[in-house]
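Here is a friendly briefing to read alongside the model. Keep the viewer open and follow the topics one by one.

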Amino acid sequence: MAGKKQIKTALISVFHKDGLEDLLKTLHEEGVKFLSTGGTQEFIEALGYECQKVEEVTSYPSILGGRVKTLHPKIFGGILSRRDNAGDQEQMEEYDIPFIDLVIVDLYPFEQTVASGASAEDIIEKIDIGGISLIRAGAKNFKDVVIVPSKAEYPVLLQILNTNGAQTDIEDRKMFAERAFGVSSHYDTAIHRWFAAE
């Protein structure tokens with residue numbers, strides 16, 4: 001498996017913004033470019049950093065009341081492309097797909113919404129689709145991509161950045177992938193429990 005990988009572009013799509021400032025500062029200092037949507041993009045720009053809009057890459061705006069933002073081949077191609085696969089690389093060039101090396105996600109708070117006594121309609125809207133898909137894509141392609149699946153992992157990445165700069169080892173990426181599938185599994189289990197109890 002590939003060893004060290006340089007982080008050049010980060011896709012950031014988070015519900016909770018707290019704790020993100022130090023990570024953004026360090027990534028910016030390391031020359032990492034930011035790509036984001038909606039509130040996260042505004043948050044990044046408010047801190048004084050340049051941030052490319054996902055819709056500039058996809059040529060589609062956020063649609064269906066925000067239900068569809070990142071779900072697009074140019075985003076998922078950028079995450080899932082195998083850097084050592086010639087066919088993948090040809091298609092990346094053919095379709096003008098940017099490489100995404102780091103994915104930072106913090107999912108909609110489904111469990112907290114259920115616990116708050118919210119309506120079924122509000123609870124349904126807190127079932128994260130794009131975020132969970134980004135987590136699974138990043139984790140699947142851990143050979144080439146770093147996936148940070150929740151704000152709980154921000155300090156872990158920050159420590160790696162402070163130690164090694166914007167470079168990760170395969171062991172780091174596999175560790176994040178394992179944690180990502182843990183987040184995904186827990187999230188889907190909570191959703192399943194709610195449906196089963198309704």
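**Aromatic rings, a parallel sheet and salt bridges**

Phe 110, Tyr 187, Trp 194 and Phe 195 come together as one aromatic cluster. Please keep in mind that this is a predicted model. The points below start with the rings, move on to the sheet, and end with charged side chains.

**Aromatic pairs**

- Across the whole structure, a search turns up five aromatic pairs.
- One of them joins Phe 15 and Tyr 108: the ring centres are 6.0 Å apart and the planes stand at 75°, so this pair is edge-to-face, the angle being over 60 degrees.
- Phe 15 sits in the loop between strand S2 (9-14) and helix H1 (20-29), while Tyr 108 sits in the loop between strand S5 (102-106) and helix H6 (110-115), so the contact ties together parts that are 93 residues apart in sequence.
- Phe 110 and Tyr 187 make another edge-to-face pair, with 6.3 Å from centre to centre and 65° between the planes.
- This pair also links distant parts of the chain, as Phe 110 belongs to helix H6 and Tyr 187 to helix H10 (residues 170-197), 77 residues apart.
- Are these two residues buried or exposed? Phe 110 is buried at 2% relative accessibility, and Tyr 187 is buried too, with a relative accessible area of 7%.

- With strand S3 (residues 33-36), S2 pairs in the parallel sense over four bridges, and here Ala 10 stands opposite Phe 34 of S3.
- Going from S2 to S3, the chain passes through H1, and this β-α-β crossover is right-handed.
- S2 is also joined to S5 by five bridges, and these two strands run parallel; Ile 12 stands opposite Ile 104 of S5.

**The sheet as a whole**

- In what order do the five strands of the open sheet lie? The order is S4-S3-S2-S5-S6, with parallel pairing.
- Strand S4 (52-53) and strand S6 (146-148) are the edge strands, and each pairs on one side only.
- S5 and S6 run parallel and are joined by three bridges, with Leu 102 opposite Val 146 of S6.
- Helix H1 packs on the sheet, where it touches S2, S3 and S5, and its direction makes about 170° with that of S5.

**Salt bridges**

- Side chains of opposite charge can pair when their charged atoms come close.
- The structure holds nine salt bridges.
- Among them, Asp 18 and Lys 151 meet through their side chains at 3.1 Å, N to O.
- Asp 18 is in the loop between S2 and H1, and Lys 151 is in the loop between S6 and helix H9 (154-164), so the link spans distant parts of the chain, 133 residues apart.
- Both partners are partly exposed, with relative accessibilities of 44% for Asp 18 and 34% for Lys 151.
- Lys 25 and Glu 29 form a salt bridge at 2.8 Å, N to O; both lie in helix H1, four residues apart, about one turn of the helix.
- Lys 25 is partly exposed at 41% relative accessibility, whereas Glu 29 counts as exposed at 53%.
- Glu 125 pairs with Arg 67 in a salt bridge whose closest N and O atoms are 2.5 Å apart.
- That pair again links distant parts of the chain: Glu 125 lies in helix H7 (residues 120-125) and Arg 67 in the loop between helix H3 (54-58) and helix H4 (73-80), 58 residues apart.
- Glu 125 is partly exposed with a relative accessible area of 36%, and Arg 67 is partly exposed with 49%.

Note on methods. Residues numbered from 1 in each chain as written. Predicted model: local features only at pLDDT ≥ 70, side-chain atom pairs only at ≥ 80, totals over all residues. Heavy atoms only, no water. Phe/Tyr/Trp six-rings, centres within 6.5 Å; stacked < 30°, edge-to-face > 60°. Buried < 20%, exposed > 50% of the residue type's maximum accessible area, 1.4 Å probe, protein only. Pairing = 2+ DSSP bridges. Right-handed = clockwise from strand over helix to strand, strands pointing away. Contact = heavy atoms within 4.5 Å. Axes fitted to C-alpha atoms, helices over the stretch in contact; angles between N-to-C directions. Salt bridge = Lys/Arg side-chain N within 4 Å of Asp/Glu carboxyl O.
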